[in-house]
Amino acid sequence: MLTPKVSVVIPTYNHARYLPYALESVIYQSYKNLEVIVIDDGSTDGTSEVLKPYRSRINYIYKANGGTPSALNFGLSVATGKYICWLSADDGFIGDKISKQVRLMESDPGLGFSYTSFIVIDANGTKQYDVNSAFYPNKQEMVTKLMEGCFINGSSVMMSSAALKTVGNFDEGLPQAHDYDLWYRFLRHYTCGFLAEPLLAYRWHGENMSLHPNEACSIIVQNRAKRLFSEWLT
């Protein structure tokens, strides 16, 4: 199998206690053609000290606090991989995630992005349960079902960097649902791939942004989707 470079962008804000787990889940992947980019979004919890043992393996960039989409876009701007993954600083990859997802992406040049199922872990990293993510091979059905809510876990996603240049980066005007917005833009131009195997550990620790969803952001995204897919959505 060809081994194109994969960039893993890890935005972090005051998640020093979880970062080693996230980093080691990437660094110890069987897939070796990686660049790991950590964007520290103005942390004040000693993140830079925690990262010192990993500095030779990562590109660490500190910036003033601007929110998750701002940190993600900063990472995207310096990423050089053919494919790009986003990993939240409190989550972790499982098994041979990158290798398996590269194989999927390489099998179909029409794929703009792909995602996987995942497991939920608690604050201590103990597995709680599996989440078998929804997926609809028919694009119209996929677009329609996404209107009921975003079932794609952003940390499980691998994106084509070429496709990303076509659809644009995350909307920094959306403090939440910026990923939901991007998936719709991808789907306007590309198809989506899926691996049913859980290849991500998603940490639920009671401080997750999704614990307090901003419904206004989701409504903005859904209204945009109606304009993007006016032939299917009303």
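Q: OK, where is Gly46 found?
A: This is a predicted model, just so you know. Gly46 sits in the loop that runs between β2 (34-41) and α2 (47-50).

Q: And why is Gly46 called partly exposed?
A: Because its relative accessible area is 33%, and partly exposed covers what lies between under 20% (buried) and over 50% (exposed).

Q: How many residues apart in sequence are Gly46 and Arg224, and how far in space?
A: They're 178 residues apart in sequence, and 39 Å apart in space, going C-alpha to C-alpha.

Q: Switching to the inside: which residues touch the most other members of the largest nonpolar core?
A: That core has 40 residues, and the ones touching the most other members are Phe113, Tyr115, Ile152, Met159, Trp183, Tyr184 and Phe186. Helix α7 (residues 178-189) gives the most to this core, with 6 residues.

Q: What is Ile152 in contact with, leaving aside neighbours within four places in sequence?
A: Ile152 is in contact with Phe113, Tyr115, Met142, Leu146, Val157, Asp179 and Trp183.

Q: What about the second, separate core, how many residues is that?
A: That one has 32 residues, including Val36, Cys85, Ile98 and Met105.

Q: Which residues line the second largest pocket?
A: Among them are Lys82, Tyr83, Met105, Glu106, Asp108 and Tyr190. The lining divides into 7 nonpolar, 1 polar and 3 charged residues.

Terms used:
Residues are numbered from 1 along each chain as its sequence is written. This is a predicted model: local features need pLDDT of at least 70, side-chain atom pairs count only at pLDDT 80 or more; totals for chains, interfaces and linings use all residues. Side-chain values use heavy atoms; hydrogens and water are left out. On a 1 Å grid over the protein atoms alone, a cavity is a set of points where a 1.4 Å probe fits but cannot get out, and a pocket is an open set with protein on both sides within 12 Å along at least five of seven lines; lining residues have an atom within 4 Å of a point. Ala, Val, Leu, Ile, Met, Phe, Trp, Tyr, Cys and Pro count as nonpolar, Asp, Glu, Lys and Arg as charged, and the others, Gly among them, as polar. Helices (H or I, at least four residues) and strands (E, at least two) are DSSP runs, numbered from the N terminus. Buried means under 20% relative accessible area, exposed over 50%, partly exposed in between (1.4 Å probe, protein chains only). A nonpolar core is a set of buried Ala, Val, Leu, Ile, Met, Phe, Trp, Tyr and Cys residues joined through side-chain atoms within 4.5 Å. Contact means heavy atoms within 4.5 Å.
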